[in-house]
Structure formats: structure tokens, C-alpha cells
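Hi everyone, thanks for coming along. I'd like to walk you through one structure today, so please have a look at it while I talk.

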Amino acid sequence: MRILLVEDEPDIARQLKQALADAGYAVDHAPDGEEAQFLGETEPYDAVILDLGLPKVDGVSVLERWRREGMSSPVLILTARGAWSEKVAGFDAGADDYLTKPYHTEELLARLRALLRRATGHSQPTLSCGGLRLDPRAARASVNGEPVRLTSLEYRLLHYVMMHQGRVISRTELVEHLYDQDFDRDSNTIEVFVGRLRKKIGPDRIETVRGLGYRLTPLPGEPA
Ligand code: CA
């Protein structure tokens, strides 16, 4: 899953970007409203964390324009303490959730997980597909109860396909949701990662749909 982090305070941004990366997300950072506007309109983020007090263009205006242009990613806004009217303006502009500064990183990560669940139609905190399980709270996966050790990219890949299980996902879509903008993107490497993941979770769980992409489904006989 790929997140856009919009935050103008360098220390907070650095710390949060690291926390998000540690939690298994690809992260792009925008330090002002202008950059945020551009990235939100051009890249397909799974969720956005948007500080409202921003240089160049304020967060509420950024969000309003995103929504006007059809940007539908869930947005978590960060507001200043005591600024209740900012929250109202944020929700009315199209925000899905808010946090008041200062906040605990753990709470932000939990709210982000909830937003991603809702946006992809999942209600359970743990994702499962037959004997395959993934717990985004711990960034861990298991097969039939046995833990599977994954690299961060393998984890991101598995997280994304589990969030969208049953649907065919193209390589382009995977590239757009697994890598941040600074990454040297090459859709051929996706095949390599799928191959590595199959070695770890079983060869038949991720099906190749020729010419279209990949699909995660339970094994025959396994409950969904
Ligand atoms: Ca700010």
C-alpha cells in the first residue's frame, strides 16, 4: 500500500515517514500544499495523511480541489489542538478521519489501518485467504499458522494482493502501489517478487492471469 504524507515540519515528516515505512508502507512526502496538490492528482495513493497548516496552499483547499477532481483516496487530516472549526472545514472538504496534534504515532497508524480496511471493504483487522493470513498491526504473515518471513517489498506485495483478493491486479497497478516515487520502477521486477512470494506462501495461491496480471484466491477446498 502506498501513502502520501503531507507535512511541512521536517522533523515530524522524517519521523513519520520512517514509522510508516517500518509499518510496511511505501511513502511519498510532500512538504507543502502545491506539491501535495500535484502528487495527489497524479499518483494513485491508497491513503493520504494531510496536515492542514501548510505553506503555499492550505490543506483544506488542497483537499477540496482533490475531491472536486474526483480523487477518492481516504484522507486523514492532522489538525491543531483546539481548532474545532478546522476539523469541520476538513470534513466538509472531504476528509475521512482526523487526528489532533500532538498525537501518538501508534494511534495514527491504527487510524490509517482502519481507513485502508474501510476503503477496500474489509472489516476484520487481520486479512485472510484460506490458510494464508496477514496481520497489518504487526506487519506479519503466516501460512496455516506457520510464520512466513518476508522482505519489506514482499510484504507490501502480499498486503496489496490480500487487500484486493479475488480481483485481477495488473503489473502496472502493483508498481504504482508498491513503490514510492523515488524508487527506480520497473514492472518486470514485479514478476521476480511474485516468484519469490510464491516460494514462501505456496506456488498456487497467486495465479497468473495471462496478459492481465495476478489474482490471489484460496486454494481449492480452502475456505475464503
Ligand atoms: Ca503544519
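This is a predicted model: local features need pLDDT of at least 70, side-chain atom pairs count only at pLDDT 80 or more; totals for chains, interfaces and linings use all residues.

Is Pro 136 buried or exposed? Its relative accessibility is 11%, and Pro 136 therefore counts as buried, the cut-off being under 20%. Which residues is Pro 136 in contact with, leaving aside its neighbours within four places in sequence? They are Arg 113, Pro 125, Thr 126, Leu 127, Tyr 155 and His 159.

Now let me step back to the domains. The domain assignment of the chain gives domain 1 as 2-120 and domain 2 as 127-216. Taken over C-alpha atoms, the two centres are separated by 25 Å. As for the contacts, 16 residues of domain 1 touch 16 residues of domain 2.

Five strands form an open sheet, with parallel pairing, in the order 2-1-3-4-5. At the edges stand strand 2 (26-30) and strand 5 (97-100); each has a single partner strand, so one side of each is left without a neighbour in the sheet. On average, and ignoring direction, neighbouring strands of this sheet are turned by 20 degrees against each other.

Strand 4, residues 75-79, runs parallel to strand 5 and is joined to it by four bridges. Thr 79 has Thr 100 in strand 5 as its bridge partner. Helix 4, residues 84-93, packs on the sheet here, touching strand 4 and strand 5, and its direction makes about 160 degrees with that of strand 4. Helix 1, for its part, lies across strand 1, strand 2 and strand 3, running at about 165 degrees to strand 2.

Which protein donors does it have? They are Asp 8 and Asp 51, each through OD, and Gly 53 through O, lying 2.2 to 2.3 Å from the ion. Along the chain, these donors follow the spacing D-x42-D-x1-G. Asp 8 lies in the loop between strand 1 (2-6) and helix 1 (10-22), while Asp 51 is in strand 3 (residues 47-51), so the pair ties together parts that are 43 residues apart in sequence. Asp 8 is partly exposed, with a relative accessible area of 26%, whereas Asp 51 counts as buried at 5%.

Finally, the aromatic rings, where the count comes to two pairs. Phe 91 and Tyr 98 are edge-to-face, 5.9 Å centre to centre with 85 degrees between the planes. Phe 91 is partly exposed at 35% relative accessibility, and Tyr 98 is partly exposed at 29%. In the other pair, the rings of Tyr 179 and Phe 183 have their centres 4.3 Å apart and their planes at 5 degrees, so this pair is stacked. Tyr 179 is buried, with a relative accessible area of 0%, while Phe 183 counts as partly exposed at 36%.

That's my tour, and I'm happy to take questions.

How values were computed
Residues are numbered from 1 along each chain as its sequence is written. Side-chain values use heavy atoms; hydrogens and water are left out. Donors are N, O and S atoms within 2.8 Å of the metal (3.2 Å for Na, K and Ca); water is not among the atoms, so sites may look incomplete. Helices (H or I, at least four residues) and strands (E, at least two) are DSSP runs, numbered from the N terminus. Buried means under 20% relative accessible area, exposed over 50%, partly exposed in between (1.4 Å probe, protein chains only). Two strands pair if DSSP finds at least two bridges between them. Axes are lines fitted to C-alpha atoms, for helices over the stretch in contact, and angles run from 0 to 180 degrees between N-to-C directions. Contact means heavy atoms within 4.5 Å. Rings of Phe, Tyr and Trp (its six-membered ring) pair if their centres lie within 6.5 Å; planes under 30 degrees apart count as stacked, over 60 as edge-to-face and the rest as tilted. Domain bounds come from an automatic or database domain assignment.
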